[in-house]
Amino acid sequence: MVFPKKNLFFHLLCFLLFHDQHRSLATDEHEFVVKEATYTRLCSTKKILTVNGQFPGPTLQVQHGETVFVNIYNQAKHNITIHWHGVQQPRYPWSDGPEYITQCPIQPGARFRQKLIFSTEEGTLWWHAHNEWSRATVYGAIIIHPKNRNRYPFPKPDAEVPILLGEWWKEDVAKIRQRMIETGGDPNISDAFTINGQPGDLYPCSKQGTFKLTVDRGKTYLLRLINAAMNIILFFAIKKHHLIVVGIDGSYTKPLNAQFVTISPGQTIDALLYANQKPDRYYMAARAYSSGLHVPFDNTTTTGIVQYRGQHNNPTSSLPSLPLYNDTNAAFSFFRGLKSLADKNHPIDVPLNIRNRIITTISVNSLPCPHNNSCSGPNGTRFAASMNNISFVFPSIALLQAYYQHAKGVYGNRFPNMPPFIFNFTAEYLPLNLETPKRGTEVMFLDYNSTVEIVLQGTNIMAGIDHPIHLHGYNFYIVGSGFGNFDIYKDPLKYNLKDPPLRNTVSVPVNGWATIRFKADNPGVWLLHCHIERHMTWGMKTVFIVKDGDHPEETLLPPPPDMPPC
């Protein structure tokens with residue numbers, strides 16, 4: 001339809017007025033200004049990237065099923081994207097956030113209004129930067145309350161407390177990443193772990209800032225734990241207090257009484273703390289779980305303090321008992337204890353008749369050093385990582401944009417549903433020719449509403465280690481896991497199809513496997529990757545493209561008008 005110029009101006013004016021009115025009537029708008037701020041930790045001061053000058057960043061508080069808008073304004077010197085970790089974004093991957101997957105970065109001086117569609121999630125999730133290594137300091141909590149805040153499937157707590165676990169480097173993190181890429185070696189390990197941005201008593205120049213949680217004896221506190229660390233799984237505990245786990249990754253669990261918890265990068269845990277001890281000061285502490293042989297890691301301990309209200313002059317208690325750094329059995333005994341709540345008010349729907357069966361290896365690899373130089377990886381090579389022997393290469397434009405616009409030559413569709421080579425994946429010694437993966441931008445297409453099972457098989461290529469694998473756009477059921485090679489005949493007989501935990505990030509054990517199931521009912525372009533940052537940088541990721549269904553409500557929604565340009 002063609003309008004005369006006068007009418008065209010009138011229609012344009014009406015559109016702008018309606019658009020501005022729509023923006024002003026939005027029920028929940030948040031402003032995220034990405035900018036540098038100066039922070040002092042470990043006796044030294046540096047500028048870090050923040051949201052609104054806060055570290056950690058602001059907490060988003062929403063209700064079940066709500067839709068909110070976050071206006072991102074990049075006042076920093078570098079590109080940025082923000083990912084809403086665990087928010088499924090039904091039919092709307094445009095605001096999911098990973099750079100060159102669903103969007104191009106928000107450039108310095110630019111804005112992007114992101115629409116967050118909450119659906120089934122309830123509990124604790126989080127948001128973080130999803131470009132380069134910006135998430136080292138750009139992260140915060142998301143708390144999704146029930147529609148009726150009194151309707152928790154456990155006694156309502158007296159207070160709720162986010163506990164964000166992170167890592168801190170004295171050096172500029174961007175320089176650490178750049179040096180890792182240039183040399184091909186491992187990145188420098190962090191100088192400290194943090195609790196709510198503070199290292200705690202055991203580090204130099206840190207005692208005064210130690211995070212303190214003041215409690216009243218007899219009251220109950222809901223701790224919302226988030227592992228925002230870049231490269232490490234953590235153990236966490238509180239001296240003389242058990243934790244009652246009641247939720248994980250934005251879904252409820254059967255109550256689990258735990259002396260300690262294991263939490264991987266990307267995961268969240270909701271746990272009740274009963275303040276039932278003698279009024280005093282008690283340490284909370286977190287330290288690394290790291291199973292890889294000869295893999296360097298930060299072996300320090302971060303602390304906070306639970307202090308009972310009242311007069312008590314005793315020094316803070318000794319540290320809580322935590323498993324040894326390489327206690328794999330302790331780490332996975334906790335994971336295996338997690339079960340979905342699976343009651344009449346919180347039913348589960350585990351896919352039983354599987355249409356798409358996928359087995360993928362997840363491996364740390366190496367690539368030859370270019371130009372016949374010597375790199376800092378093993379035997380002069382450079383580190384890489386892969387899934388099914390493909391080390392993922394980012395395209396130059398966003399995959400979602402390419403898919404939506406039917407662009408040619410941006411990606412291939414040949415991500416295999418089986419490993420290209422079948423071998424003893426977890427053998428102590430493996431042939432050298434297995435170390436070098438192919439490089440490419442290969443994806444896998446899934447039909448709408450198809451049922452999917454993925455077996456994630458760890459390998460001992462280069463070095464076996466645990467891998468927290470995160471799927472964007474979906475929650476999935478973890479129906480099984482184990483050590484060694486997955487047995488296609490025996491292991492499925494032991495699957496938990498009754499009350500498996502529902503998560504968005506699964507911890508695959510060192511030289512072991514994990515099986516996840518989900519229904520592909522969310523059309524779009526969705527990233528699957530290791531949440532250990534160096535592994536993702538090296539290429540341990542792939543992409544699922546879930547096709548549209550047959551009905552309008554089963555199709556991808558159109559993009560917003562202000563998508564960042566490539």
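Reader: What is the torsion about the S-S bond of Cys-104 and Cys-566, and which handedness follows from it?
Author: In this predicted model, the torsion is about 80°, so the disulfide of Cys-104 and Cys-566 is right-handed. The two sulfur atoms are 1.8 Å apart.

Reader: Where in the chain do Cys-104 and Cys-566 lie?
Author: Cys-104 is in the loop between strand 5 (82-85) and strand 6 (111-117), while Cys-566 is in the segment after strand 32 (541-546). The pair links distant parts of the chain, 462 residues apart.

Reader: Is Cys-104 buried or exposed?
Author: Cys-104 counts as buried, because its relative accessibility is 1% and the cut-off for buried is under 20%.

Reader: How many disulfides does the count come to?
Author: The count comes to three disulfides. One of them joins Cys-43 to Cys-205, with an S to S distance of 2.0 Å.

Reader: Which parts does the pair of Cys-43 and Cys-205 tie together?
Author: Cys-43 lies in the loop between strand 1 (29-41) and strand 2, and Cys-205 lies in the loop between strand 10 (192-195) and strand 11 (212-215), so the pair ties together parts that are 162 residues apart in sequence. The torsion about the S-S bond of Cys-43 and Cys-205 is about 95°, so this disulfide is right-handed.

Reader: And how exposed are Cys-43 and Cys-205?
Author: Cys-43 is partly exposed, with a relative accessible area of 46%. Cys-205 counts as exposed, at 62% relative accessibility.

Reader: What about Cys-369 and Cys-375?
Author: A disulfide joins Cys-369 to Cys-375, with an S to S distance of 1.9 Å. The link of Cys-369 and Cys-375 is right-handed, with 70° about the S-S bond. Both cysteines, Cys-369 and Cys-375, are buried.

Reader: Which pattern do the disulfides follow along the chain?
Author: With bonded cysteines counted along the chain, the pattern is 1-3, 2-6, 4-5.

Reader: Let us change topic. Which residues of helix 2 are buried?
Author: In helix 2 (residues 173-183), the buried residues are Val-173, Ile-176, Arg-177 and Met-180. They are on the same side of helix 2, because they cover an arc of only 95° around the axis.

Reader: Why do residues three or four places apart in an α-helix point the same way?
Author: An α-helix has 3.6 residues a turn, so residues at that spacing point the same way.

Reader: What is exposed on the other side of helix 2?
Author: Lys-175 and Glu-182 are exposed on that other side.

Reader: And what do the buried residues of helix 2 pack against?
Author: They pack against strand 2 (44-51), strand 21 (382-387) and helix 5 (533-538).

Reader: How about the start of helix 2, and what follows the helix?
Author: At the start of helix 2, a side-chain oxygen of Asp-172 reaches to within 3.0 Å of the backbone nitrogen of Ala-174. Gly-184 follows helix 2, and its phi is positive, near 80°.

Reader: One last topic: where does Glu-533 lie, and is Glu-533 buried or exposed?
Author: Glu-533 lies in helix 5. At 5% relative accessibility, Glu-533 counts as buried.

Reader: Which residues does Glu-533 touch?
Author: Not counting residues up to four places away in sequence, Glu-533 touches Glu-132, Trp-133, Arg-135, Met-230 and Asn-231.

Definitions and conventions: Residues numbered from 1 in each chain as written. Heavy atoms only, no water. Buried < 20%, exposed > 50% of the residue type's maximum accessible area, 1.4 Å probe, protein only. Helix = DSSP H or I, 4+ residues; strand = E, 2+ residues; numbered from the N terminus. Arc of directions from axis to C-beta. Contact = heavy atoms within 4.5 Å. Polar contact = N/O pair within 3.5 Å; in protein donor to acceptor, adjacent residues only side chain to side chain. Disulfide = S-S within 2.5 Å.
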